[in-house]
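Hi,

Here is the structure I said I would pass on. Have a look at it first, and my notes follow below.

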Amino acid sequence: MSQPEACAFLADASARLRSPAAGWLSPLSFGVDLGTATIVITAVDAARRPVYWNFLPCEAVRDGVVVKFAEAAAAVRALARAAADALDLEIAEAATAYPPGVPEAEARACRYVLENAGVTCRRLVDEVSAAQALLRISDGAVVDVGGGSTGVGVVEHGELVSLSDAPGGGHHLDLILAGALGLSIEEAERRKREDGAAVSAILKPGFERIANSIGRQIGARTVRAVHLVGGAVRVPNAAQVISHYLGVSAFGYPHSELVTPFGIAVS
Ligand SMILES: Nc1ncnc2c1ncn2[C@@H]1O[C@H](COP(=O)(O)OP(=O)(O)OP(=O)(O)O)[C@@H](O)[C@H]1O
Ligand SMILES: [Mg+2]
């Protein structure tokens, strides 16, 4: 998919929050993203068009490790039921994902969360491969800056040649903001989302730290561009700070938090 096509997909997708697209082509494919901040369910149709998504705030999964199994399963069950009602069909199966680098035994817990919620896990994929399944970039780095961690995949000639993940993401930005302005973490999170432009200068060192992590994960490879996805890069100027630090062009997708969740559905 070209960058403009990906942006058009994401603009379409963002309008489908709890609001199914009309005239979708059967069968639908579902994805469940067990994130650190939220659990997201997505659906695409047979033509790979975005059809539906919904989310619940949930802190039952931390960096791919299921810390509160029953809560995670209850959230998935509630999301699957709401999706079934909205789309007027049963959700028999879905794909789900884990951050690259999570040991296999931990990743399997993601599968069990779905199955405990009555949804068969048709595929268990890492989050960066999921993002690439949607974006299909030919050369560059796919970088998912989530709430808890930053995942990096290097793509050469359309193939992922390296995959990794390191701690650091949106939650760390909240800590910086809370410290700088004397706010609670919750208030810092709200300010970051609602008044990002006003706090982006304070967050610059936080994005430089994220850029440093991206650079270390890319290692000795040369990348043409960095493709930024995940909710944390929605802060204004995030892509510019990362690009300047790395000396590589960086592109932050609009609705960047939807790339991995919809990528899971197309995986
Ligand atoms: N509009 C916004 N402006 C600034 N930050 C945002 C915005 N929307 C989301 N975020 C931040 O993005 C982060 C969550 O991103 P995302 O949904 O990609 O993470 P996740 O998948 O739950 O976490 P992870 O992938 O680390 O498990 C949070 O830190 C949140 O504060
Ligand atoms: Mg994520």
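Let's start with two helices: α4 and α10 are roughly perpendicular to each other (angles of 65 to 115 degrees count as that). Their axes come within 7 Å and cross at roughly 80°, with α4 covering residues 127-135 and α10 residues 259-266. The axes are lines fitted to C-alpha atoms over the stretch in contact, and angles run from 0 to 180 degrees between N-to-C directions. Helices here are DSSP runs (H or I, at least four residues) and strands likewise (E, at least two), numbered from the N terminus. On the α4 side, the contact includes Glu-127, Ala-130 and Leu-134, while α10 brings in Val-259, Phe-262 and Ile-264, among others (contact means heavy atoms within 4.5 Å). By type, the residues of this contact are 9 nonpolar, 2 polar and 1 charged. Ala, Val, Leu, Ile, Met, Phe, Trp, Tyr, Cys and Pro count as nonpolar, Asp, Glu, Lys and Arg as charged, and the others, Gly among them, as polar.

A quick word on the basis: this is a predicted model, where local features need pLDDT of at least 70 and side-chain atom pairs count only at pLDDT 80 or more, while totals for chains, interfaces and linings use all residues. Residues are numbered from 1 along each chain as its sequence is written, chains are lettered from A and ligands numbered from 1 in the order in which they are written, and side-chain values use heavy atoms, leaving out hydrogens and water.

Now the domains. The chain splits into domain 1 (3-131) and domain 2 (137-257), with bounds from an automatic or database domain assignment. Their C-alpha centres are 22 Å apart, and 15 residues from domain 1 meet 17 residues from domain 2 in the contact.

Where does the largest pocket lie? Both domains give residues to its lining, so it lies between them. Helix α6 (residues 185-194) gives the most to that lining, with 5 residues. The lining divides into 15 nonpolar, 17 polar and 14 charged residues.

Two backbone details to finish. The peptide bond from Ser-26 to Pro-27 is cis, with omega near -5°, and Pro-27 sits in the loop between α1 (3-14) and β1 (29-34). Asp-88 has a positive phi of about 60° although it is not a glycine; look for Asp-88 in the loop between α2 (69-87) and β6 (93-98).

Cheers

Key
Parallel < 35°, antiparallel > 145°, perpendicular 65-115°, else oblique.
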